[in-house]
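Okay, thanks for coming, everyone. Let me put the structure up and walk you through a few spots.

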Amino acid sequence: MDVAAFVGFTASGPIDVPVAVYDPVQFAQIFGDDLLLAYTRDGEPVWGHLAASVRAFFRSGGRKCYVVRVAADDAESNGFLVPGL
């Protein structure tokens, strides 16, 4: 009777809509690969945790979960330089 739900940042997919996911492949097809959020001052990548959490859920025997991508309605990829970093 338990229902798992994951909410966070993803590379793609519908925004603010719960989507039933049945395996990691389906998650990747809908929400994309791991999301690179930023780089540290040392140049190390900082990744979002949602995709890894969903994969761990299925590796642990989970069969179905709901995933909600959160972002602004007009979200799009962008890049910019930050002075001093």
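Helices here are DSSP runs of H or I with at least four residues, strands are E runs of at least two, and both are numbered from the N terminus. With that in mind, just after helix 1, Gly 32 has a positive phi of about 85°. At the other end, where helix 1 (residues 24-31) starts, Asp 23 puts a side-chain oxygen within 3.0 Å of the backbone nitrogen of Val 25.

Quick caveats: this is a predicted model, with local features needing pLDDT of at least 70, side-chain atom pairs counting only at pLDDT 80 or more, and totals for chains, interfaces and linings using all residues. Residues are numbered from 1 along each chain as its sequence is written, and side-chain values use heavy atoms, with hydrogens and water left out.

Now, strand 5. Which strands pair with strand 5, and in what sense? Strand 1 (residues 4-8) runs parallel to it over 5 bridges, and strand 2 (residues 19-21) pairs with strand 5 in the antiparallel sense over 3 bridges. Pairing, by the way, takes at least two DSSP bridges between the strands. Strand 5 (residues 65-69) is largely enclosed by the rest of the structure, because 4 of its 5 residues are buried. Buried means under 20% relative accessible area, exposed is over 50%, and partly exposed is in between, with a 1.4 Å probe and protein chains only.

Last stop, strand 4 (residues 45-47), which holds Val 46. Val 46 has 34% relative accessibility, so it counts as partly exposed.

Definitions and conventions: A polar contact is a pair of N or O atoms within 3.5 Å; within protein, one must be able to donate a hydrogen and the other to accept it, and residues adjacent in sequence count only if both atoms are side-chain atoms.
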